[in-house]
Every structure is written in C-alpha cells, then in structure tokens.
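The sequence and structure are shown first.

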Amino acid sequence: MPDPRTGRPAALPGPLRFQLVLLRRMADHQPGLVEDALRELGTGRAEMREANRRWQAMVRSPGARGPLARYRALLGPPAETGRRRIGDLDCRVLRWPVPLWPDLRFEVLTGPGGAVWNEWLVRAMGSRGPEPRTLADLRPWSCTVEEVARAFPPAEPGEGSAPTRFRLLFTAPDRHGNPGRHVAEFTWGLLQRLDP
C-alpha cells in the first residue's frame with residue numbers, strides 16, 4: 001500500500017523487506033519463481049523495488065553502518081550464534097530464519113574484529129537438505145553452495161557477476177550418466193541456474 005505522503009510503498013517490517021531484497025537479486029535469473037514468492041508474501045514488484053532501493057541507500061550512504069549492523073537493524077538479534085574455526089582463525093557465525101524458505105537460514109560469518117567475511121543462505125541445522133546426484137537434481141532454489149560442492153567434489157569456487165552472486169565449477173553426470181563440466185550460478189548462496 002502506498003504511503004499517502006510520498007506515493008511510494010509504505011515501509012514494510014524488516015524481515016519481509018529483507019526477503020524482498022534477496023528476491024530482487026534473484027529476479028534477474030528466476031523471474032517466475034520470484035513472482036510466485038511475491039504472491040506468497042502478499043507483496044508485489046513495487047514493494048520489492050522499494051525495499052531494494054532502501055537497502056541500496058543504506059549500503060551506500062556516507063557513514064553507513066557496517067553490514068552486520070544493517071542485518072541486525074532489519075532482522076533483529078540472530079536466532080542462532082556460534083563459532084567456526086577456519087584455518088587458524090576463530091570466526092563467529094550468526095543466523096536468522098527466512099520465512100520464505102523455512103529450511104534455510106541467512107548466515108553471516110564474521111572474522112576477528114567483526115569484519116563480515118561471508119553472507120548467504122545455508123541449510124538450517126537439523127534440516128535434511130537435498131542430495132543431488134545428477135544435473136537433473138539441480139533445480140533452481142533447490143540447493144545451497146555447500147550442498148552442490150559436497151555432492152560433486154572437487155568443486156572450484158568462482159567469482160560471480162555481482163557482489164551477491166557466486167559461481168561453482170564442477171563435474172557432474174547428466175541423466176544418461178555421462179560426466180561433464182558445468183557452472184552453477186548462485187545468488188545469496190541459493191542455486192539459480194546452470195550455465196553450459
């Protein structure tokens with residue numbers, strides 16, 4: 001619903017707004033799935049664009065808060081926290097639920113001093129994720145980066161085409177069992193498409 005003062009969509013609750021930010025980036029690859037998700041959330045493209053506009057303004061404004069502070073501002077305190085050892089470093093892990101994908105969590109990994117090292121969707125602890133065996137099992141929004149990498153080792157990480165995107169190069173059999181090299185494209189850690 002528009003704000004009568006500005007004509008723009010009214011501010012939405014933080015968690016809903018954040019889901020719309022995630023969806024805005026995914027719309028480049030999966031517009032049909034995003035349309036379905038918007039209907040499920042009871043919102044539309046205008047709200048998605050406005051949520052993304054506000055997010056970008058928050059990220060780019062002079063004196064902007066750090067990434068972790070932005071996530072806390074929108075999502076509140078994390079539902080789960082923990083520690084993860086990466087090499088010699090002790091990292092902090094923070095996770096928030098994402099209602100649109102109940103079996104996923106939005107995970108932020110911070111290094112010493114609180115710098116954000118990684119931010120993406122992961123499978124919730126205790127949730128049984130998919131176990132892909134062939135390319136046919138790799139459907140959009142079905143797997144996280146970790147799940148594809150684990151299913152088809154050794155997978156090689158690659159840089160995505162935008163800050164929230166990630167690529168994974170791997171070898172997998174097609175439906176006839178013939179192996180081939182493939183590139184999976186992820187947005188916010190969730191599989192979007194396979195590139196030939």
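A salt bridge is a side-chain nitrogen of Lys or Arg within 4 Å of a carboxyl oxygen of Asp or Glu. The model is a predicted one, in which local features need pLDDT of at least 70 and side-chain atom pairs count only at pLDDT 80 or more, while totals for chains, interfaces and linings use all residues. Residues are numbered from 1 along each chain as its sequence is written, and side-chain values use heavy atoms, with hydrogens and water left out.

By the salt-bridge rule the count comes to 21. Two of these pairs are tabulated below.

| Salt bridge | N to O distance |
|---|---|
| R53 and E50 | 2.7 Å |
| E147 and R123 | 2.6 Å |

R53 and E50 both lie in helix α3 (residues 45-60), 3 residues apart, about one turn of the helix. Helices (H or I, at least four residues) and strands (E, at least two) are DSSP runs, numbered from the N terminus.

An automatic or database domain assignment divides the protein into domain 1 (12-62), domain 2 (66-127) and domain 3 (135-195). The centres of domain 2 and domain 3, taken over C-alpha atoms, are separated by 22 Å. In contact (heavy atoms within 4.5 Å) are 9 residues of domain 2 and 10 residues of domain 3. The two domains bury about 770 Å² between them, 69% of it on carbon and sulfur atoms; buried area is the accessible area (1.4 Å probe) that two parts lose on being put together, summed over both. On the side of domain 2, W120, L121 and R123 lose the most area to domain 3, together 60% of what that side buries.

Across this interface the rule finds 1 salt bridge. The elements giving two or more residues to the side of domain 2 that touches domain 3 are β3 (104-110) and β4 (116-123). Strand β4 gives the most to that side, with 5 residues.

Aromatic pairs are rings of Phe, Tyr and Trp (its six-membered ring) with centres within 6.5 Å; planes under 30 degrees apart count as stacked, over 60 as edge-to-face and the rest as tilted. The count comes to 11 such pairs. The rings of F18 and F106 are edge-to-face, because their planes stand at 75°, with the centres 4.8 Å apart. F18 lies in helix α1 (residues 14-26) and F106 in strand β3, so the pair ties together parts that are 88 residues apart in sequence.
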